[in-house]
Amino acid sequence: MISFILSLAALVIGYFFYGRFVERVFGPDDRITPAVAKADGVDYIVLPNWKIFMIQFLNIAGTGPIFGAIMGAKFGPSCYLWIVLGCIFAGATHDYLSGMLSMRNGGSGLPVLVGKYLGQAAKKIMLVFTVLLLIMVGTVFVYSPAVILESIGGSSMMWVFVIFIYYVVATMLPIDKVIGKIYPLFAISLLFMALALMVILLIEMPRLPEFWDGLDNMAVKTDISWTDNIFPCLFITVACGAISGFHATQSPLMARCVKSEKMGRPIFYGSMITEGIVALIWATVSMYFFYGEPTPGYHVLEAARETGFHTSAPAVVNIICNDWLGVVGGVLALLGVVAAPITSGDTAFRSARLIIAENISIGQKNILQRFYISVPLFVVSIMFLLWQIGNPDGFNIIWQYFGWANQALSVFTLWTLTVYLVRENKCYIIALIPALFMTTVCATFLFASRQAFHMDAQVAYALGTLVFVIATVWFRMWYGKYKKSQN
């Protein structure tokens with residue numbers, strides 16, 4: 001528990017000190033924001049700052065900081081370090097700068113920003129990559145909530161239909177009509193659940209693995225079949241609690257609703273730190289479940305005896321919430337496991353609609369124009385969904401590709417932010433170091449992953465190192481040419 005307390009303190013301190021440093025690097029001012037300059041009553045609307053924070057938090061959170069942290073906790077206390085360092089120096093920096101850069105560019109979506117700073121070829125790749133990723137997000141967050149809702153009545157296909165109808169409504173209506181009203185409530189429930197669990201942890205003060213017990217893969221000691229290497233697998237498994245490229249597609253939604261640039265740090269940087277705290281709490285609760293002494297699974301081991309260490313993330317959520325929080329916990333677990341992914345799905349489709357509209361220059365004030373773009377998105381999603389339902393391992397396959405694509409998206413964003421900071425003569429190191437690190441992580445995972453090339457670990461590490469060297473040399477060459485052209 002000492003490692004947890006130190007990590008929690010580090011996240012809070014990181015917000016006040018490093019977050020302020022990143023804010024100073026960017027330099028927010030009193031210029032008119034897109035929410036005011038381009039107000040259209042649909043996507044560009046000034047909203048209260050507290051509401052924007054809640055929506056941003058739920059947009060980027062969903063079940064990511066819960067499920068990812070639970071799976072990441074199996075590695076042991078090394079996941080603490082990634083959540084803390086990743087969140088402060090990579091994730092929150094990534095979210096703040098991408099949100100503020102969107103605001104400075106009239107609320108532009110990620111592909112437009114990539115095109116402006118990395119070139120039109122990168123923009124075209126990014127456009128296809130981003131839209132496919134967002135459709136995958138919307139798809140993977142349909143069937144699993146439907147299956148859970150089936151347990152309270154109706155069929156899974158009925159709930160799939162209901163969720164899709166909600167998606168259509170939330171995607172097409174003005175942002176303040178549905179999202180602005182229900183998201184804050186779901187965000188509050190998600191935060192309440194996490195804080196309640198933290199209070200119980202502090203009361204019970206269980207004996208858990210600490211930093212000084214070792215940062216190697218603890219899972220191998222529990223189950224020899226769990227052979228995934230910490231690098232790069234931990235950095236892909238724990239995404240939303242540390243850094244997630246998906247966030248850069250969501251930040252422009254709120255960048256279109258902020259009245260003052262000076263609210264960027266609490267909204268964008270702050271919501272990511274909050275997500276990191278949620279991930280940290282769930283990682284700790286999960287380590288109590290998997291490694292707590294004297295008996296793993298604490299006092300409800302019997303409920304998880306059949307699966308033990310392999311208890312699925314949703315099952316861990318339900319077992320812990322119901323056991324620790326009773327009836328209220330059961331309701332919160334349902335909101336966390338069902339409402340959170342659904343709300344991530346609807347904003348994914350909304351982001352995809354806006355990105356496509358922006359790139360083909362179709363206004364979105366008229367509902368028919370929104371309808372023309374939304375329908376093809378839902379058709380493609382339904383095709384993905386039908387394949388997923390018909391394939392026993394369909395969800396896992398889509399999710400695995402989504403996990404890598406999600407982190408690859410952060411690579412594009414971080415390089416975009418690096419180039420922007422160089423051009424503005426600002427401290428580009430704050431984006432460059434995370435860009436190089438995540439480039440290496442994604443490349444190594446691609447070479448080593450069972451879902452990709454599945455190379456020998458040593459070969460994958462060598463190739464990942466080569467990618468790091470190439471990326472570093474490429475940046476130095478570009479930087480030298482750019483500075484020379486400026487002189």
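The accessible surface of the chain comes to about 19200 Å². Carbon and sulfur atoms hold 69% of that area. The model is a predicted one. The chain has 487 residues, and 58% of them count as buried. Its secondary structure comprises 19 helices and zero strands. Among contacts with a separation of 6 or more, 81% join residues 24 or more positions apart.

One nonpolar patch lies on the surface. It is formed by Ile367, Leu368, Phe371, Tyr372, Val375, Val379 and Met383. Together these residues expose about 690 Å² of accessible area. Phe371, one of the patch residues, is placed in helix α16, which covers residues 367–390. The relative accessible area of Phe371 is 40%, so Phe371 is classed as partly exposed.

Salt bridges were examined next. The count comes to eight. One of them pairs Arg265 with Glu23, with the closest N and O atoms 3.2 Å apart. Arg265 belongs to helix α14 (residues 264–291) and Glu23 to helix α2 (residues 18–26), so the bridge ties together parts that are 242 residues apart in sequence. Both partners are classed by relative accessible area. Arg265 has 8% and therefore counts as buried. Glu23 has 13% and is therefore buried.

A further salt bridge joins the side chains of Asp43 and Arg353, at 3.2 Å from N to O. Asp43 sits in the loop between α3 (34–37) and α4 (49–61), whereas Arg353 lies in helix α15 (residues 313–360), so this pair ties together parts that are 310 residues apart in sequence. Asp43 and Arg353 are both buried.

Arg104 and Glu261 also meet through their side chains, in a salt bridge of 2.7 Å from N to O. Arg104 is in helix α6 (residues 78–104), and Glu261 is in the loop between α13 (246–255) and α14, so the bridge ties together parts that are 157 residues apart in sequence.

Thr171 lies in helix α9 (residues 156–172). Its relative accessible area is 1%, so Thr171 is buried. Leaving aside residues up to four places away in sequence, Thr171 touches Asp346, Phe349, Arg350, Arg353, Ser374 and Phe378. Among these contacts is Arg353, the salt-bridge partner of Asp43.

Thr444 is found in helix α18, which spans residues 429–448. A relative accessibility of 1% places Thr444 among the buried residues. The side chain of Thr444 reaches the backbone oxygen of Thr440 at 2.7 Å. With residues up to four places away in sequence not counted, Thr444 touches Phe231, Pro232, Ala460, Tyr461 and Gly464.

Notes:
Residues are numbered from 1 along each chain as its sequence is written. This is a predicted model: local features need pLDDT of at least 70, side-chain atom pairs count only at pLDDT 80 or more; totals for chains, interfaces and linings use all residues. Side-chain values use heavy atoms; hydrogens and water are left out. Helices (H or I, at least four residues) and strands (E, at least two) are DSSP runs, numbered from the N terminus. Buried means under 20% relative accessible area, exposed over 50%, partly exposed in between (1.4 Å probe, protein chains only). A polar contact is a pair of N or O atoms within 3.5 Å; within protein, one must be able to donate a hydrogen and the other to accept it, and residues adjacent in sequence count only if both atoms are side-chain atoms. Contact means heavy atoms within 4.5 Å. Patches are made of residues with over 30% relative accessible area and no salt bridge: like charges are joined within 9 Å, nonpolar side chains (Val, Leu, Ile, Met, Phe, Trp, Tyr) within 5 Å. Accessible areas come from the Shrake-Rupley method with a 1.4 Å probe; for residues, only the protein chains shown count as cover. A salt bridge is a side-chain nitrogen of Lys or Arg within 4 Å of a carboxyl oxygen of Asp or Glu.
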